[in-house]
Every structure is written in structure tokens, then in C-alpha cells.
Amino acid sequence: MLALELPLVLLLLAVPGAGAFPEALAAKNISQKEAEFDKNYTDFVNSELLNIYTFNHTVMRNRTEGVRVTVNVLSEQKKTPLLFVVRQKEAVVSFQVPLILRGLFQRKYLYQNVSRTLCQPPTKSESEMQFFYVDVSTLSARNASYQLQVTRVENFVLRTSEQFSFNATAAQPQYFKYVFPEGVDSVIVKVTSRMAFPCSVISVQDILCPVYDLDNNVAFIGMYQTMTKKAAITVQKKDFPSNSFYVVVVVKTEDEACGGPLPYYPLTKDEPVDQGSRQKVLDVMVSPAITSEVYVSAMLFCLGIFLSFYLLTLLIACCETWRQQKKRKRLLAAMDTPTTDTASLLGHPRITPDSLLGHPPYHGYSYGSLENSSTLSTEGITESMGSTDISGYTERSLENVTSRPRLDSLSSVEEDEYDTLADIDSDKNVIRTKQYLYVADLARKDKRVLRKKYQIYFWNIATIAVFYALPVVQLVITYQTVVNVTGNQDICYYNFLCAHPLGNLSAFNNILSNLGYVLLGLLFLLIILQREINYNRALMRNDMQALECGIPKHFGLFYAMGTALMMEGLLSACYHVCPNYTNFQFDTSFMYMIAGLCMLKLYQKRHPDINASAYSAYACLAIVIFFSVIGVVFGKGNMMFWIFFSIIHIIATLLLSTQLYYMGRWKFDSGIPRRIMHMLYTDCIRQCSGPMYVDRMVLLVMGNIINWSLAAYGLIVQPNDFASYLLAIGICNLLLYFAFYIIMKLRSGECIKLIPLLCIIFTSVVWGFALFFFFQGLSTWQKTPAESRQHNRDCILLSFFDDHDIWHFLSSIAMFGSFLVLLTLDDDLDCIQRDKIYVF
């Protein structure tokens with residue numbers, strides 16, 4: 001009797017004047033009917049009539065049965081809708097028909113056919129008979145016809161690894177129950193559809209009443225994500241005390257959230273629109289997620305791959321040490337063959353191991369050329385040894401480059417004659433504008449000064465890394481916390497079909513796969529440290545080969561490159577904590593830095609005196625990162641931005657080309673137009689003469705063609721992924737310069753040793769495979785979250801790693817290999833005097 005009083009009280013409050021006129025209640029007719037399941041009731045109701053349908057069913061503790069109420073209003077009832085109230089033992093569900101749901105900009109959408117699944121309260125008894133009532137009322141004076149049907153839901157409880165198909169509309173949501181089997185701690189709920197639209201929402205909610213299954217309240221509780229064709233939510237047993245949950249599917253009133261167009265809407269104010277049937281066919285399947293053993297094997301696999309590089313490096317280092325010791329013993333034995341007296345009688349100077357290893361005293365000056373005070377020169381060693389083969393000190397043959405004049409020794413030049421007086425510019429202009437340059441020409445500055453200059457690269461990037469990483473870590477932790485608290489999985493763009501949670505992290509596999517960048521970056525730093533220690537030891541013992549031969553050794557940029565690789569791993573891991581539109585630059589910033597540092601290192605090899613300072617280099621990289629952010633935020637479809645960026649790109653290319661062509665011996669001032677006109681007149685009009693520096697001109701012409709083409713491509717196509725477009729510009733220029741360097745190295749009669757050659761081949765192959773996996777595109781924050789999920793795919797390695805994780809593995813190995821190529825590329829010149837090594 002108490003249950004019957006509730007709709008009467010509601011009617012008393014709803015009917016005008018009911019409180020003042022109690023006789024209105026007496027005039028209300030109440031019709032109560034015993035109703036049955038699966039029977040269609042066609043009836044009518046008006047302001048004077050209240051219909052009550054009584055249903056009963058048996059509820060069992062070990063069996064869950066879904067009950068669904070379907071209502072269809074047959075008459076026009078926009079202003080006076082029908083109110084349906086379903087009263088259960090522990091819950092009340094009420095809804096009006098026609099049902100009005102609101103969309104974007106408070107648009108109203110009307111639905112005549114409504115279905116709702118009733119929440120099932122738990123019972124402690126083995127079997128219990130429960131009643132529920134469906135009350136139908138309206139304030140319409142005219143009769144309002146309707147149809148009512150209550151049915152049992154088949155397959156209300158989802159079975160593990162079994163697919164189930166169903167239909168849903170905006171006014172007819174569906175939800176199903178899933179119970180964790182014994183021994184299963186985590187499952188993945190996969191929902192698919194062949195139809196992209198209408199847009200829908202998938203939600204996972206705890207077993208509570210009421211169930212939030214409408215477009216305007218589905219986000220109130222649990223985890224949810226929008227969907228077009230694919231959706232996947234990983235559910236952990238620990239998050240649901242009842243060891244069960246509801247899978248709720250709601251069709252949205254509009255498709256804008258999924259990237260679809262907004263429907264036509266009349267301009268009439270507050271006039272609801274009848275959308276008809278926005279029906280979607282979906283398939284749902286709940287399958288067990290991976291076990292803890294898979295987590296352990298994946299972590300061991302990841303560690304094993306990259307620690308094997310440490311073992312391989314240690315093995316190579318031991319072999320190289322053994323080879324050097326063997327070579328040293330053979331050299332000492334060769335020198336001990338003729339006795340001292342015999343050598344004196346033959347007129348040969350006395351040669352000792354110390355004299356071969358160096359020449360005292362070493363003051364640290366003029367490391368780019370031979371000094372007159374040298375006790376022993378390379379030519380002297382060669383002559384003194386006669387027919388004895390000492391390959392480390394044989395003079396380089398220049399027969400294959402006879403077209404180039406040989407530079408005389410610059411051993412008389414002292415460092416203090418340069419960069420200290422005002423008239424130094426005249427000497428620089430004479431030396432750096434020669435047609436053929438040698439490394440000794442561009443290695444005249446004090447070694448200690450240059451060492452400090454290039455060490456600044458490392459300290460600057462270390463400082464940048466600290467200040468950059470700390471707020472990044474804090475921000476992504478906040479993002480992950482927001483996702484966990486709100487349950488909104490549209491915030492982060494994961495590959496949900498292969499996102500394995502661990503603790504509070506939603507996609508641990510995408511974070512773990514970045515370990516390679518950190519470990520291999522650290523390994524590269526250790527290799528550089530060992531090389532620097534060996535080089536400093538050679539300097540301490542006045543080793544002539546270290547002092548006056550080969551490419552000048554500066555390790556600051558190498559340290560910066562290794563640090564950048566480690567930071568790329570850290571920031572990429574932070575980005576993959578919650579990848580989205582607002583933190584994309586975390587993943588790309590140090591990629592730009594790595595590309596820039598590699599180009600600077602390649603240029604520094606033969607231009608140590610005139611390479612860019614750390615401050616100017618990082619300032620330029622900061623401008624690149626700034627343009628990257630601006631391009632992503634404002635560049636999409638903005639023609640003015642692309643025109644501006646293309647102009648800046650072309651101007652920067654021309655300025656850099658001029659700087660490289662003239663070796664920095666030009667000035668950017670008000671007189672530059674006059675000098676350009678004079679040059680064009682004298683070199684092109686008055687007399688047609690070719691470029692003085694042909695090799696440089698070829699490189700710069702090719703570079704300008706490529707950069708102008710990229711600028712035109714960006715202006716015409718306007719790619720959506722501006723960050724990748726900008727990175728492609730840097731990589732294309734790096735590859736062009738590297739190819740030019742290799743070609744000129746071979747053209748100058750130099751060779752490539754076995755180790756750098758193997759590194760080049762290995763790195764090229766790995767880069768090829770890495771780029772293949774990179775372009776698979778498992779998600780993209782340039783689209784809506786629902787559209788991004790259409791690209792999601794299952795794991796392909798150990799049931800734990802996806803295509804992007806393999807990109808992380810391979811790209812970290814490829815970057816490490818690229819660094820080794822830069823490190824070992826010119827090892828063949830370690831025994832060649834610097835005044836015989838060409839600059840290009």
C-alpha cells in the first residue's frame with residue numbers, strides 16, 4: 001500500500017491546485033492490473049486516470065536476470081508527456097515519454113520509443129519472489145495512447161571470451177553484467193561495430209543502483225570512452241569489490257564528440273527535434289587480460305635486449321685492448337731487432353719506445369699543426385725505420401687527389417697569435433677563404449679554450465634537462481590522476497587494445513619500451529668517457545699521434561648527444577603516461593635537439609674552430625621547438641601561418657647557406673644588398689665564372705633544393721602533423737649532410753674502417769624497420785579520441801608490446817648506432833697529420 005502512495009503524491013504536487021482542493025484526488029481514477037512478461041499492453045491515460053501494472057518474478061542469489069521495460073507513445077505528446085515510474089524493492093526508475101535529451105548548445109532531441117533496463121538489487125536468500133510496479137500518468141486532458149512491454153533480457157550476464165551482438169539507440173541504452181571468473185584478475189572489454197556513426201559511449205560501472213545509462217549522465221560514474229567502430233577498456237578486479245561490473249552502452253544524441261557533423265537544427269527556439277531511430281549494432285566481448293607472468297617476461301626481455309649491448313661493447317673493448325697490446329709488443333720487438341751500436345754505425349738515429357710514443361715537452365698549444373720544437377716528426381720516424389712496417393705512422397698518399405695542392409706545414413704558427421689581437425680578422429680572411437682548406441687551417445685555437453667551449457654543450461643540455469623534466473613529470477602524474485579519478489579515458493590517446501596497466505599507470509608497456517633510450521644513452525656516455533680517458537692519457541705521455549694527427553678530439557658534443565638520448569627516453573615515457581594534444585612536445589623536443597647536435601658534431605669534425613657556440617645552437621633549437629608548438633596549436637588550416645613559416649624557412653636556409661659557404665667570413669648588415677649586387681655583376685654579368693668552392697656549392701645547392709621543396713610542400717599540402725613535418729625537415733638535412741660527408745670522405749682518398757662500415761649498414765637496416773613500425777599509426781591526437789581508437793590494434797610481441805613499442809626499441813638502437821657512426825667514422829685518420837686532412 002505504501003508503494004502505491006508515491007505516484008499519488010507526485011500527482012498531487014504536479015496538478016495545479018491539488019494542494020488547495022483535496023477533492024481533486026478523489027476524482028483521480030486508478031487502474032491497477034496484474035501484468036505478465038513478454039506481453040504487449042496497448043492502453044491510454046489522461047489527467048484523470050493513473051494506470052499501475054504489477055509484475056512479479058523470482059530473484060535467485062546465484063543467477064542474475066535482466067528485466068527491460070519498453071515504452072512507445074502512439075499519440076502526439078510534446079507539451080504533456082507521459083510519466084513512467086518503475087518502483088522496485090530498493091530502487092526507483094522514472095522517465096518521461098517523449099524523452100527529451102539535450103545535445104551541444106542545449107539543443108533538444110525528442111524520442112518516442114524508450115527502453116530501459118532495470119537495475120537488479122542483490123538478494124541474500126537462495127530464492128526470493130519480488131514485485132515491481134510500473135505507474136503511467138500524464139497531465140494531458142486528452143487520452144494519450146501508449147504501448148508497454150516488459151521482457152527478460154537474454155544474455156544479460158556476459159560470458160568470458162564469447163561475443164554478443166545487440167542494438168542500442170539514444171533512448172534505448174543497453175547494459176550487461178560481467179562476473180570475474182576464479183583466477184582472473186584483469187579483463188579487457190572490447191566493443192566493436194561496423195558502423196562509425198552514430199557516436200556511442202562505452203562505460204564500465206560498479207554494481208550499484210541506479211545505473212547511469214543516458215547520454216546526459218553516463219559520465220557520472222565509472223570508466224568511459226567514446227566510440228565509433230572500436231573501444232576497449234581494461235578492467236582490474238581490485239577496483240570492483242563485488243568482483244563484477246556493468247558494461248553500459250549509450251548512443252549519443254549527436255556525433256560531434258566522435259568527429260562527425262552536427263545535424264540540421266531548426267532556428268525555432270526551444271523546439272525539440274525528432275531524430276527518428278539513431279540505431280547502432282554493436283558486438284561486445286570480455287576476454288582475460290595478460291597475467292603477471294607476461295609482465296615479468298616482458299620486463300626481462302626488455303632488459304635483456306639492451307644489456308646485451310653492454311656485454312657486446314665490453315667484449316669489443318677487451319678484443320681491442322688485446323689487439324693494441326699485441327701491436328705494441330710487436331712494435332717494441334721490431335725496434336729492438338738492430339742493436340744500438342749497429343744502428344749508430346749505419347748512421348740511423350737512436351730510436352726508443354718513448355720517442356715513438358711522444359715528444360716532450362707538451363704545452364697544449366698549436367694542437368692543429370706540427371711544432372718546430374718536436375723531437376721527432378712523422379717523416380723522421382718513417383725514414384728512421386727504413387723498411388720496417390709501422391702502419392700507424394706511414395705517410396698518406398695523395399696521388400688520387402693530385403688536383404689539389406698540398407698545404408705546407410703550419411708548425412710555426414702559435415696559438416697566441418690568434419683571437420687575441422684586433423688584426424686577427426685579416427689572418428682569418430686569408431686562411432678561411434683559401435680554395436682548398438685542411439683541418440690544420442681550422443684547428444688553430446687553443447685546445448683548452450675549445451674544450452671548455454664544447455663542454456658547455458653538455459652542461460647546458462644537462463641544465464635544460466633538469467628544468468624541463470621536473471614540471472613534465474609533475475604534469476603527467478596529474479594527468480594520470482585525473483584519468484583515474486574521473487574515469488574519462490578520452491583524455492589520453494592510448495592504443496587501448498594493447499594498453500597494460502601497472503599500479504596507477506594505464507599503459508605501462510608504452511613506458512617500459514622507452515628504457516632502451518636511457519640504457520643505450522648511458523652506454524654511449526660510458527664509451528665516450530673511456531675514449532676521453534684514453535685520449536687524455538695519450539696527451540699526458542706526449543703521444544705525437546694524439547697531439548698532431550687525426551681529427552681534433554672534442555667530446556663535449558658527444559656527451560650532449562648521449563644526454564639528449566637519455567632525456568628523449570625519459571620524456572617519451574612521460575608523454576606516454578598520457579599522450580594527448582597538450583603534451584606532444586614532450587616527445588619531440590629532444591628529437592629536434594638530437595638532430596641538431598648530430599649535424600653540429602658532423603660539422604665540428606673538420607671545422608673545430610668555427611663551429612657554433614652552445615648558446616647560439618640551443619637558442620636556434622629553442623626557436624624550432626617554439627615553431628613546433630605554434631604550428632600544432634594554430635597551424636591547422638591556417639594559410640597565414642604556413643605562408644609566414646615558409647618564408648622564415650627559406651630565409652633561414654639562405655642565411656645558413658651563406659654562413660657555411662663563406663666559413664663565417666661575411667657580415668649581415670645594411671651593406672649586404674650592395675655586396676650582393678656587386679657580386680652578381682662581377683661574377684655573372686661582367687664575367688661568367690664558376691663558384692670558388694665547388695664542393696660546398698654542390699652541397700648547399702642540394703640543400704636549398706630540398707628545403708625549398710619541403711617549404712613548398714608544407715605551403716601547398718599543409719600537413720596536419722606539423723611536429724612530424726618539422727622533424728622531417730631536420731632529418732632530411734641531417735641525412736643530406738651525412739651523405740655529402742661520406743661521399744667527400746671517399747672522394748678525398750680516405751677510407752672507412754670495418755667497425756664504422758658495419759655500424760652504417762646495421763644502423764641503416766634498423767632505421768628501415770623502425771620507420772616501418774613508426775608509420776603504423778596506432779593512435780593520433782590530431783583526431784577525436786573515438787576516431788583515434790579506430791587505429792588501435794592488438795599486441796604483436798609477447799602479447800605485451802605493440803607496433804609503437806617496437807618503434808621505441810628499434811629507434812633507440814638505431815640512434816645509438818648512428819652515434820657510434822659519428823664517433824668512429826674518422827678513425828682511419830688517427831695517423832694522418834692534420835695539415836693533410838681535407839676540409840669539406
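Start by selecting residues 66-73, strand β4, together with residues 144-153, strand β11: the two run antiparallel and are joined by eight bridges. Strands here are DSSP runs of E with at least two residues, numbered from the N terminus, and two strands pair if DSSP finds at least two bridges between them. Before you go on, know that this is a predicted model, where local features need pLDDT of at least 70 and side-chain atom pairs count only at pLDDT 80 or more, while totals for chains, interfaces and linings use all residues. Residues are numbered from 1 along each chain as its sequence is written, and side-chain values use heavy atoms, with hydrogens and water left out.

Now zoom in on glycine 66, whose bridge partner in β11 is valine 153. Then widen the selection to the open sheet of four strands, in the order β2-β11-β4-β9 with antiparallel pairing. Because β2 (40-45) and β9 (113-118) are at the edges with a single partner strand each, one side of each has no neighbour in the sheet. On average, neighbouring strands of this sheet are turned by 20° against each other, direction ignored; the angle is taken between lines fitted to C-alpha atoms.

Next stop: another sheet. Its four strands form an open arrangement, β13-β18-β15-β16, and pair antiparallel. Which strands stand at the edges? They are β13 (174-179) and β16 (223-227), each with a single partner strand, so one side of each is left without a neighbour in the sheet. Here the twist averages 15° from one strand to the next. Pick out β15 (residues 200-205), which is antiparallel to β16 and joined to it by five bridges.

From β18 (244-251), follow the loop towards β19 (273-274) and you'll come to aspartate 255. Is it buried or exposed? At 10% relative accessibility, aspartate 255 counts as buried, the cut-off being under 20% relative accessible area with a 1.4 Å probe, protein chains only. Not counting residues up to four places away in sequence, aspartate 255 touches Phe197, Pro198, Cys199, Gly260, Pro261 and Arg278, with contact meaning heavy atoms within 4.5 Å.

How values were computed
Axes are lines fitted to C-alpha atoms, for helices over the stretch in contact, and angles run from 0 to 180 degrees between N-to-C directions. Buried means under 20% relative accessible area, exposed over 50%, partly exposed in between (1.4 Å probe, protein chains only).
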